[in-house]
Amino acid sequence: MTSSAPPAFRPLDRPAMAARVAADIPEGWCVNLGIGMPTLVADHVPPDREVIFHSENGLIGMGPVPPADAVDPWVINAGKQNVTMRTGAALVHHGDSFAIIRGGHLDLCLLGAYEVSATGDLANWATSEAEAAPAVGGAMDLAVGARRLWVMMEHTTRDGRPKLVERCSYPLTAPRAVTRIYTNLAMIEVTPEGFAVGDIVPGLSFEELQARTGAPLLRRS
């Protein structure tokens, strides 16, 4: 019996993806973390760095997930997960929270996605296969209200279909909104010319990444 050779590369797991994103957030930015994978990013910003995390349910200054013996059931994020409050944090009305979003006061919003197109279109609230949400919700406000929109997601679906595509097949959350994408395989910028590769996980070639992507990739000069 012959054994198959191990893969030449190892995709990032979700904590490693979150740490990768956290390392790129500049000091002093106010950042909204969307439901799902993006919430992990708060766990990877050390206390000596000033990054102000915003949660759309009205928490400004969100901290990491608390240890099991220090959970405050009243302090949650938009995904109803227990979180902490960093020094100087504030709780505000839901309307005031959306005034921050719609008023352009967020330096960055980080969202998950089902698909992102080569022109930066975002599809992250419903699919034609199973409606996971009754409506688009606050994601549409975040996608157009923040000064920048980054996406954090797996590079392909579980059955290997690309999530970075020429044109989205799912209902859009916002057109031409995404500027950067972090996946378990690469960091990719959305440019006027299309997807430009910033970096790739060790052991994965540009050609192999292209084979897993549904739109042309550009090598960053």
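Student: What is the bridge partner of S55 in β3?
Tutor: In this predicted model, S55 bridges to L59 of β3.

Student: What makes β2 and β3 count as paired strands?
Tutor: Pairing needs at least two bridges. Two bridges join β2 to β3, residues 59-62.

Student: Which residue takes a positive phi in the hairpin of β2 and β3?
Tutor: G58 does, with phi near 115 degrees. This hairpin has three residues between its strands.

Student: What makes β1 and β2 a pair, and in which sense?
Tutor: The cut-off is at least two bridges. β1 (residues 30-33) and β2 (residues 52-55) share three, so they pair. The sense is parallel. Within β2, F53 is the bridge partner of V31.

Student: Do β5 and β8 run parallel or antiparallel, and what makes them a pair?
Tutor: Parallel. Three bridges join β5 (residues 108-111) to β8 (residues 149-152). At least two are required, so this is a pair. L110 has W150 as its bridge partner in β8.

Student: How many strands does the open sheet have, and in what order?
Tutor: The sheet has 10 strands, ordered β4-β3-β2-β1-β5-β8-β10-β11-β12-β13. The pairing is mixed.

Student: What makes β4 and β13 edge strands?
Tutor: Each pairs on one side only. β4 spans 85-91 and β13 spans 217-219. From one strand to the next, the twist averages 25 degrees.

Student: Which strands does helix α1 touch, and what counts as touching?
Tutor: Contact takes heavy atoms within 4.5 Å. Helix α1 (residues 14-24) packs on the sheet and touches β5, β8, β10, β11 and β12. Its direction makes about 160 degrees with that of β8.

Student: Is C30 buried or exposed, and why?
Tutor: Its relative accessible area is 13%. Buried means under 20%, so C30 is buried.

Student: Why does C168 count as buried?
Tutor: C168 has 13% relative accessibility. That value is under 20%, therefore C168 counts as buried.

Terms used. Residues numbered from 1 in each chain as written. Predicted model: local features only at pLDDT ≥ 70, side-chain atom pairs only at ≥ 80, totals over all residues. Heavy atoms only, no water. Helix = DSSP H or I, 4+ residues; strand = E, 2+ residues; numbered from the N terminus. Axes fitted to C-alpha atoms, helices over the stretch in contact; angles between N-to-C directions. Buried < 20%, exposed > 50% of the residue type's maximum accessible area, 1.4 Å probe, protein only.
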